[in-house]
Each structure stands twice: as structure tokens, then as C-alpha cells.
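The following exercises concern the structure shown below. Each task is followed by a solution in steps.

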Protein chains: 2
Amino acid sequence: MTDFFTHHRALLDDALTALTTRKFWTPFPEIPSGKLYGETARGDGESAWQALLGKPFDLPDHPGIGRVGAEVSPWGLDLGITYPAADPDTLIAAAEGAASAFAEAGVERRVGALLEALVRLNRMSFLLGHATMHTTGQAFAMAFQAGGPHAQDRGLEAVAVAYAELTRYARDAVWEKPQGKHAPLVIEKHWTLVPRGPALTIGCNTFPTWNGYPGLFASLATGNPVIVKPHPRAILPLALTVRVLREVLAEAGLPADAVVLAADAPGEEITKTLVADDRIAMIDYTGSTAFADWIRANTSALVFTEEAGVNSVTITGTDDFDGMCANLAFSLSLYSGQMCTSPQNLYVPKDGIETDAGHKSFDAVAEGIKAAIDALLSDPDRAAGVCGTIVNPDTLKRVEAARGAGRVLRDSAETGKGRSATPLMCLAEGESGPQDDECFGPVSFVVPCDSAEDAIARAANIARRKGAITAALYATDEALIDRAARAFAQAGVNLSVNLTGNIYVNQSAAFSDFHVTGANPAGNASLTDTAFVAPRFRRVMIRRPKTA
Amino acid sequence: MTDFFTHHRALLDDALTALTTRKFWTPFPEIPSGKLYGETARGDGESAWQALLGKPFDLPDHPGIGRVGAEVSPWGLDLGITYPAADPDTLIAAAEGAASAFAEAGVERRVGALLEALVRLNRMSFLLGHATMHTTGQAFAMAFQAGGPHAQDRGLEAVAVAYAELTRYARDAVWEKPQGKHAPLVIEKHWTLVPRGPALTIGCNTFPTWNGYPGLFASLATGNPVIVKPHPRAILPLALTVRVLREVLAEAGLPADAVVLAADAPGEEITKTLVADDRIAMIDYTGSTAFADWIRANTSALVFTEEAGVNSVTITGTDDFDGMCANLAFSLSLYSGQMCTSPQNLYVPKDGIETDAGHKSFDAVAEGIKAAIDALLSDPDRAAGVCGTIVNPDTLKRVEAARGAGRVLRDSAETGKGRSATPLMCLAEGESGPQDDECFGPVSFVVPCDSAEDAIARAANIARRKGAITAALYATDEALIDRAARAFAQAGVNLSVNLTGNIYVNQSAAFSDFHVTGANPAGNASLTDTAFVAPRFRRVMIRRPKTA
């Protein structure tokens, strides 16, 4: 049996350090380069991808009867892959069957196996890139990063937080209480780490691995079996993950059924049955607030969520107008606004702003951003590479509906590749309107405000009321920035100020950025803070007098 | 403004070390001795206590109109103390009014003030002993310990865990991402610690400070204002606590209304109105499962509970029969079984056990424990000193009802002081019966079992199903102890093995024992682990490109 823990000890130590310093760190290169991943990595990934298409996906010894799977790429390809299908009861029974051995195997064995799994997943990043691209509709470069190394970073972060917490307090102690003139009381104590119980990870369509790994790896590291329920349109990235995990667990002498796949078909989802089963002790969920509400109403499990929100950009001034417009153009275009971090509402003073290029009227600000989007997407290949495709056909309906919501400042169009839509920008005048709710997809609303202060207040207010994962601010007045920082902190939303270069409000880096604060309605969990991990296990003591 | 943090830094550091080692440690002596507390401490405490009786309790600047208070000591004294009364809306508004200044004061200022408050409370331990004695009905020695130093230990533990968590991750970071041949991206990040929001601490009648301090101090340390809602029969210990806290907060330049007292009258409790108010973000509750269920159904706040349970003793053998009987006699008698840690069910093989005094039949085991109780309580003063009084008249009704539940092995009687009842022991034959539910008070059931294994299985099973905070085991077979350890760990209950000396299953020491595991129905929170503290605040980031 391989000692994965010793083998990966240095990796874990580096991760533990990175957690606390919050500086840049990653062991998983984000660039899809043969120099970093091996000269044959690109070709191997392509071959492995082709070999999966049109075939039953092999998950050795996985419980289930029959097959399910109907993934069709938003880029146009029918994947034709089928996965083992099992009813919820069978899956939960399998997970429960693995629970004792998995719990009692101990921290080091589990954590070692998870580190090995992450390293193996990293080596497969090209394959994961293809799998992510054709299930989420992202362009390959993004799919490689978000589906591969960035997701692996988030998984590693969860493992590191779990390891830190599992080892935080002594597991054994000799408690010696003085008794005055008498001999002291001496009690030996030992604590067993007891997992909370079977966990359910409900994957999303857009970032199946990036959003799925934190809960998955946190639950596994703390000793809980996990049922991985992918979105029926994005099974493959999580199926590959489950396969690697089951392989490594078995090699580590751990029960493979500590991770099982709950694949299902669109329209015949088994999610609700799994959620409502009282054997499920924890649920990690990324998706709509409506379904999060349903989960909360139908389970007594501990629920960790990332839900809907309305992200904002507040524009009050800049000393780099072109840089600002270019930066926002990319943020609005990237993956056609289908990121939980994509901006939606742009709050701009109706009297315009001061910039390095002189005063810019409200219309000139909107025009500047529009022009930057047009420039960014002028080349069709580049447009498809930035925007990717639209993963859910309903999003196209939302774009269509939004066209009627206000004056169109920039119209959405197709890129020419796959099911696509470039950013739509609409004017949203008035105190309330379409800007008051999440409009998931390539839709933004430019909202005229009375003043810079009003713009900040409205952006902070929508975050507080409707939730927000990101907020951006452009400002040159440091006192104004301080006031905005306070307002957005009170609204519980992370704020990015004056981004103009090659860093975007959409981006959230593991080991540094906590993703979602848990402090507004956009989610109750933060990736990956202590509160996300600590409740996943309990300590149970045995104590007895020490014998001489 | 006093720098309490610097002043108490060494205390905090010692507490932080103790947290991780789980060895014996306390800065607050548990012995009510003039040598430890000052030669005049006992007399000063007595005078301060007398000075409170029959008067309005002074809480300077506390919100409210009118007065409330109807505490009558179970020892026979009408306290005649009244407290400021305020409606829930006024209290929540006051707490909310203090929130911003309290949050923004920062970790060190808040933690310093809380440490100072604990040290002042410690100096008042004789007064707190009287206040606890005459609201909970405990005897003075116990009331001093549990209401004073042991509660202060638990408060300090919560502050230390909070401080560790608040400072766990860097508050500022420079994130420098390499960009190949280009200059690196350099982003400055800062995190604001954002409290979750107003907290409600619902005190219990039996241990108002010991059970109240962990949530109270954890919420305050993490920056949340707290509304302290005492049990209407046990207001004074928490009123004294609130007064000290408000004094110290003011001296530290912090808003006194960060702690307010929600005193109410029996039959006119304002608890439900407070619980159901959606401005309340967190609730700490100790009490019945029925009311815990009501809370969960009527709030979206984060709820931390200690609820009902059925604690057990499993007796399979001993090499110190007399020591075992004496130890159990004390555990069953102490505070007349009104501790959340008091044993209730005694599981004994029907064919008896092997001991250092030879084979003991089932009846001989029960008789040995009965005789030890009789001996312990033979002196009336000592009986009153161990048993204290019965705080809730309903408990006497339960004792009466239990008399009819099975053959009485030892009858309950009065001690002669106050409203009292010594332990009742009943035989509970059959697979199910009165032993299946909590019977809070001086009632135990001796349950004949098929074998040692059956006894362990039944004790673990009741813990799993009905909850349990403690379990005790007497055994001489190490293999059996190992199997029992596993069974009780899986049932999520802390296990004490072969206690025969001056340490009792009822006792839970701060900085070493985690009180309640959170892993069975006896409560969802563990005092004081990371999960109890970490969700009480959030981190919100501001990031911006570093300027050259």
C-alpha cells in the first residue's frame, strides 16, 4: 500500500503555509503548455477525450443497474457517453457501507489519497479541459484552467483546511489536576474524529469541478463518504474525478464506494430524492436560490450553498479610461456572463465622470465600454474564445427578454461558433427595474445614478438585498474608496478596485481569495474558510484514570 | 482608554496553548478560599449579595421602561430583585445601534475588554456563588464553582478560540502572480472581519453562566452584539455578568449596548418574540428539545443548541466495586441529577458482574450503589450540600411519576433544606419503558441486560437515538473497552471509563473536555470547538492593483 501522505507531505505543507499568508501560490500550472505538462500531454489529452466519446464510461465496481447520459456539447457535438445509473437508495447504501472503514482509516491515509488524486487529476488537465469545454460550453483555454488546475487548487485548498482543522487540537492528552497536598488526579484522554455522515455534492452546469471540488474534497478529507450528483448536462468532468478518486482510494486500501456517482437524465433527476433522504448529513449545492430554498425546506442536513446574486460595477472616475473599458469588456464577455462572478449592473453617475481622458458623460462611459466589447470580439475566433457558448438554451430567452427591458446600448449577437450570444447592454433607468434581479447570462444593465455616493449606495444595497459575489469599483478619490470599502464590507461582498490590467473581477484565486463571503444572500458558505470545513466532523472523547 | 489587550496578553497566550494541548489549565481557582481570592473576598461577596436583595438591580444606561423580576430561591428566600424591562424591539434596536462601532473597533480592543471582564467576574466569584445558589438551587460550593470559575473558564475558552480564528488567516496580503516574461501582476488585498449580526443567548435555569458564557463570549469576541435572555428564575447571575461587561466595554471605548439584558417574568416570556425576529442572526440555546424544535422552525438564524439526552452508565465489571459505587453515588446525587451530564440509565448484565469483591449479582450491584448513596447522604448537611435543591417544581412531579414506573430500588426523600429530593432508583425491565426518554432530575433506572455486550449496545443505542452528553463504562476487559469505545464514538457520546476516585462523569473541564459532541441529538454544538465559533463572523475582501 503506497504511503501517499509521506509522498505528498511537502505539497501539503506548502498548501498549509499558503492558506495563512493568502499570497499567490499554486502547484498546478494554469497554462496548457507541453513544457509544463509534458510534451505529449496535449495529444494524450485529445486522444483520451476521443476515446471516451460514444461509449459507456467505465467506472469499475460502481453500484448501479443500467446506463444514463445525454450530454450534448453547446459547441455542437453529441458526446454519446453513458454512465452507470443507480437509484438513490442504492447509492446511499453504498456510501453508508463505506463509511466505517473510511472514517477509521485515519487522517493521514485519507488526506494522502486525496492529494494523490489531485495530482493525478492535474496530469489529466487536457482531458478535463475537453470534458469541461463540451459540457459547460466554455472555450478550451478557459475550460482547461477552470475545469483543471484552478479546480484542483480549490480541491487542494479544501484538503489543506481540513487537515489543519483535523490536527488542530491534541488527539491525546494527559490531564493532571493538582489536588493540594494529595496526589494529582491524572486522566488520560483520547479523541476520535467522527465524520458527520454521508454528504451530497450537487454539481452545477457551468463549473462542475471548480464549484464541486471544495465540498467534495472537504467532506472526503474529514472522513465522510460523498455522493456526487452532477448536473445532467455536465456529468463527464465529475465522472472522471470520481473515477480517479475511486482508483486512488482502492490503492490506498480505502473503500472505493466512499465516492459514488449519481448520474441522471434531464427531466428525470434524482436530486430531490437524495436531498430528502434523512441519511444524508451534508449537502453542498451551487445553483439557483429557488432550488436552494427547496433544499433547506426538505432536509435536516447541514447545507452549504452558492446561490444567485446581482454583481455590480460602480464607476465614479478613473485615471485609465481605456484600461477600465477594456477590463470591463473582458469581464462582461468572458464565458458570456455565465460566471457567478460576472458583473451585471453598471452604476454610473448620470452627470458622468472625470477621467484621464477628460470628462466623460454617462453616455460616453457606456459607449466606451460598448466599443471595447466590440473591439475585443471583432475577430470571430477570438469572440468564440472569449465568450464560449451558451450552455443553457433558457439563457438565450433571457437575452431576448432583456432586449425589451430598456434602451439597448449594445446588442447581443452570435459569435458564429456553437450556441452563442455576445454581451447585451441595456439602459436601466428608474429606481427599480430589471436590474433588481439576477439575469444570468450575457446581459448587463447600465444604471444612471444621482451621484457617485448614490451609485455606491445602490450597488451595496442590491448586494445586501439580493446577494452578490463580486463588486467592482472605479474611483480616484481615496476618501470615496474608503467609504465604498465600508459600504461593500457591510453588504458582505468582496470588492475589486480599479482593475485595468490582466486581472478581472470575475477571477477568484484559491489560497488567497475567499470565494463568496457567506455574508449576503448569494450563498451561506465561503470557499474555503474554516466554517466550511470544521462542522463536517466531530470529536468524541474517551477518558479514564491513568494507571500507575 | 485602558489597553486591556496588552495587559492580558499573557493570559490569552496561555489560553491559546491550553486549547491545543487539552491539558489541565485554568487561571481561575475553583476553591472558594481567602488564600486564593483574598482574605476579605468571602465577606465582601456576602455583603455584596445582601446589598442586592430586595432592590432594583442597577444597570446604568440600559434601555427599557419599567421593572421585572420574581426570583425566589429554591432554598426559601424571596430575592425581591427587579431588573430593567424592555420590549424585544427596543432591545434589538439597542443591539443594532451598537453593532457598527462594536464591529469596527477591531479584534484586540474587543478581546482585551472581554478578558478584563472575565478577570473582574472572577474576582466576584463569591457574589456569583450566592447569586447562582439562590437562582439554580445548587449548594454554595457547587454554585461557586459552576457559576464562577468554571463558567469563567468556559468564557475564556470561547474568547481564545475566537481570537485564534479571527487571526488565523492574514488580514493583508500582497498577491504577486508571475506573468512569464512580463512584469508580475501585483494585487494588494485586505480583509475586513464582518460579524454575522445580533445574537441571542437564551439562558437556562440550572447553569445560567456556565452554559451561557460560551455563546455570549464567542459572539462578542467575533464582534456581534448580544441580547442575553436569562431564564426568568435565574436572571441575577447573567444580570451581574451583563453589568460587568457593559462597564468594561464602556471603559474600553466600546458601546455598552453591545450587551443588553432581556429580563422577563415567568409566564410572560419574550423569548419567542426575540427568536422570531429576523434581525436576530444567531441563537445560543440550552434547554428542552421541544423548544429547540420550536426555535428551528421559527428562525432563519444560525442556531447552536444543547438539548435533552439520556446519559448512561454501563456496568460490566470493576476491580474496585466500592470505589465504583461511591463514584456513581456522587454522580447520581450531585445537584439532584439536574445536570445535563447526570447519568440516568444504569445498564447492568442480569447475571451480574465480576468484581474485586467477587461476583456481584444484578441485585447486589443495584444494592451497592443504593447503599453508597445512603452513606453519602446520611448526614443531612452533607446531603443538602451534595443534592442542593430542586429548582423546578415540575421535577418533583417527575420523581413522583417515576416511582410508579418500576420497582423502587431506592426511594427519593427530602434533605430537610429547601425544596429537595434525593435520588430515586427504579428497576426498568423490558426492552422499552421509562428509560427510553429523558427524566430530568434525581431519577435513575437500573436496566437488566442480557450480557455486557448487550448493555453496551443498549447504552450506545439510546445515545444515538435520544442523544446523550455523557456515558460511563465500568469494565476490566480491555478488548471489551475497545469495542465499547468504538460503539460510543459512533453514537457520538463522550465516554468515561472506570471512574472511581475524585473525578466524576458529570464533570466537563474547559480547555480539555469538549462539552457535547454535536454528533447526536443532545445538541448540535460542541463547547468550545472551532465550528462553534468560526461561523459567527465572515471575511470580506477589498483588492486593488498595487501602485508602484
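**Exercise 1: A covered helix**

State which residues of α8(A) are buried.

Solution. In α8(A), the buried residues are A:Phe140, A:Met142, A:Ala143, A:Phe144, A:Ala146 and A:Gly147, where buried means under 20% relative accessible area, exposed over 50% and partly exposed in between (1.4 Å probe, protein chains only). The helix spans residues 140-147 of chain A, and six of its eight residues are buried. Helices (H or I, at least four residues) and strands (E, at least two) are DSSP runs, numbered from the N terminus.

The model is predicted: local features need pLDDT of at least 70, side-chain atom pairs count only at pLDDT 80 or more, and totals for chains, interfaces and linings use all residues. Residues are numbered from 1 along each chain as its sequence is written, chains are lettered from A and ligands numbered from 1 in the order in which they are written, and side-chain values use heavy atoms, without hydrogens and water.

**Exercise 2: Aromatic pairs**

Determine how the rings of A:Trp175 and B:Phe24 are arranged.

Solution. Rings of Phe, Tyr and Trp (its six-membered ring) pair if their centres lie within 6.5 Å; planes under 30 degrees apart count as stacked, over 60 as edge-to-face and the rest as tilted. Over all chains, the structure holds 34 aromatic pairs. For A:Trp175 and B:Phe24, the centres are 5.6 Å apart and the planes at 75°, so the pair is edge-to-face. A:Trp175 lies in strand β3 of chain A and B:Phe24 in the loop between α2 and α3 of chain B, so the pair joins two chains.
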